[in-house]
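Please find below a colleague's note on the structure under review.

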Amino acid sequence: MNDGATNAAASSVGEVRRVAALARLELTDERAEAMRGELERVLAHAERLLAQDVEGVEPMAHAGDAGVSGVSGGSGRSGGSAAEGGGISGRSDEDVPAVEPGGVAWVGNAPRVVGPFFGVPRVLGGGET
Amino acid sequence: MSAAEIARAVRAGETSAVDVARAAIERIRAQDEAINAVREVTESGAMAAAARIDEAVARGEDPGRLAGVPVLIKDNLCVSAGDGGGATCAGSWMLEGFESPYTATAVRRLLDAGAVIVGRANMDEFAMGSSGEHCAFGVTRNPRDTGRVPGGSSSGSAAGVAAGYVPLALGSDTGGSIRQPAAHCGVVGFKPSYGRVSRYGLIAFASSLDQVGPITATVEDAVLASEVLCGWDERDATSSKNAAMRVDTSDGDAPLRVGVVREAMGDGASPAVRSAVERAAKAVEDAGGEVVEVSLPRLELGIDAYYLVAPVEAASNLARYDGVRYGRRAELSPGDGLLDMYVKSRSAGFGEEVQRRIVLGTYAARAGYADKYYERALRVRRLLKDDVDALMRTAGNDGGVDALLLPTTAGPAFKLGEKLTDPLEMYLEDVFTVLANLIGGCAISVPMGSVGVEGVELPIGVQVMGGWGCDEVVLRVAGVIECV
């Protein structure tokens, strides 16, 4: 088991901070440094995947691709097939209006409500809406 | 009493649902300070629901297959105020006090069958954790040894059943979160095939992997609960039209063929765990079945694929928590704008483990890295599915097996804090469980004896696994090995 940290790419605290910012997270100096090491170890471990020959293998993005046993069978290098008869992926329902809880129900948990709307800081000029 | 026994007695009018619910709540109040399996006792809702069950019985009506059965609901399954289920917090400060305007389909099916919700089970935050230690509402402890973890993320669900509060709890399983805590607590935990239980109302962690399932004290109760839970749901686009389940446990004529996974029986599992798997295999043979050795050479790669796929999906799913529509909004300073609100709210609302996985997922999915990490993980995921399919009789292989036998965990429950400072070590807890999630299959952990550690007998779990739709035969094998 490779648990070293030789090839992983999370190589700097700045890199970790930049990625965290993309996810709208702010890390303290201490957390950013700790997370750098943690990510490095996890990604180094995951580099075992690089040794696998995956040429021509269709990515399996969803368990719905599993289909129904006895129906779908293997789908590896010939290319992935969706669930033949599985009824999971690719389902298309009739476009029929349905009754759902009203607006008040949906905004009721908002941290700030302005009338029937979610309240957020002003985008221009600052301050609360 | 088991869920089946309680339901039978309540339906027959021999036992009052109110008395059963009251007794469950008293057990929680008497014992849970030491365990912290339950975040919230939902007494008023429980007593009202139980009274309705008793009234139905008095009118000569049948309240359902789970009549009067007290249940705990994992804190990431939405329950509306009208259904008396309390708040839905997903173990996170981010959702503290969140009251769902609707009820999850899985919970609805339990309620429609007569179950009574007595409380909300603690869990690792947003179902990310393998120890019950990553919860905003305190650590959950293992009832078998309160110095040890109960496993996770369905920590409170497993601990609550193990402590005898309830015979049935709902959990969710994204990479082993039902089975691993069930193994550590000495109870039964079943992850049905993907799409057989609706995810509507389950707070999303990794949508292509998440699945709701039962934690029980017996396989019989797991079967009963699964038959209630499974079914097509128009509200879940990934629900299968073939979701309904009916298990014929009396079907003993067809000999079972079970494969012990060679790669799971090496040094990666402790001697006590390997011995438990061997005992389970012997039980299959004693019952007239056949046991063969099978190989899954890429088994260990599952953990690497999982810890790329799941964080990428989590980073996407948890983007919705931005302090606008629900959840925590941080205190803002004068002049703070929209972006400040997002960043401050998320940084204050999410715990350390959730933030780690969001950053990992964002890292693995960003431009320039997705090919190296995420897409490769998805391709290996398909290879793993093909590997399992090649072994299964239900996938059209006449010489194949009906189910696979392997450990649930590498060893018994570890001490509180033992793996908290090493995320990789914690992630490796899931090495035997992630495969079923990645391939969309089903798997159940069944208690198989114990091992003495420092003077305490700690439970060991054995896992029976199958591909998509093998749930019925997997439950049948579980029933056979449970008898050991």
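Predicted model: local features only at pLDDT ≥ 70, side-chain atom pairs only at ≥ 80, totals over all residues.

1. The contact between the two chains draws on 73 residues from chain A and 84 residues from chain B. About 6,600 Å² is buried between chain A and chain B, and carbon and sulfur atoms account for 63% of that area.

2. As to specific interactions, seven salt bridges are counted between chain A and chain B. One of them pairs B:Arg356 with A:Glu38, where the closest N and O atoms lie 2.8 Å apart. The interface of chain A and chain B also holds 25 residue pairs in polar contact, both residues being at pLDDT 80 or more. On the side of chain A that touches chain B, the elements giving two or more residues are helix H1 (13–22), helix H2 (29–46) and helix H3 (103–107) of chain A. Of these, H2(A) gives the most, with nine residues. By residue class, the side of chain A that touches chain B comprises 34 nonpolar, 21 polar and 18 charged residues.

3. Chain B contains 15 helices and eleven strands. Its C-alpha atoms fill a box of roughly 75 × 65 × 50 Å along the principal axes. A compact globule of 484 residues would have a radius of gyration near 23 Å, and the 21 Å found for chain B agrees with this. Of the 484 residues of chain B, 67% count as buried. Among contacts in chain B with a separation of 6 or more, 75% come from residues 24 or more positions apart.

4. B:Ser153 sits in the loop between strand S3 (116–121) and helix H5 (155–162) of chain B.

5. B:Ala127, although not a glycine, has a positive phi of about 70°. B:Ala127 is also placed in the loop between S3 and H5 of chain B. With a relative accessible area of 5%, B:Ala127 is buried.

6. Is B:Glu454 buried or exposed? At 62% relative accessibility, B:Glu454 counts as exposed. B:Glu454 has a positive phi of about 50° and is not a glycine. B:Glu454 lies in the loop between strand S10 (442–453) and strand S11 (456–466) of chain B.

How values were computed
Residues numbered from 1 in each chain as written. Chains lettered and ligands numbered in written order. Heavy atoms only, no water. Contact = heavy atoms within 4.5 Å. Buried area = accessible area lost by both parts, 1.4 Å probe. Salt bridge = Lys/Arg side-chain N within 4 Å of Asp/Glu carboxyl O. Polar contact = N/O pair within 3.5 Å; in protein donor to acceptor, adjacent residues only side chain to side chain. Helix = DSSP H or I, 4+ residues; strand = E, 2+ residues; numbered from the N terminus. Nonpolar A, V, L, I, M, F, W, Y, C, P; charged D, E, K, R; others polar. Rg over C-alpha atoms; globule rule 2.2 N^0.38 Å. Buried < 20%, exposed > 50% of the residue type's maximum accessible area, 1.4 Å probe, protein only.
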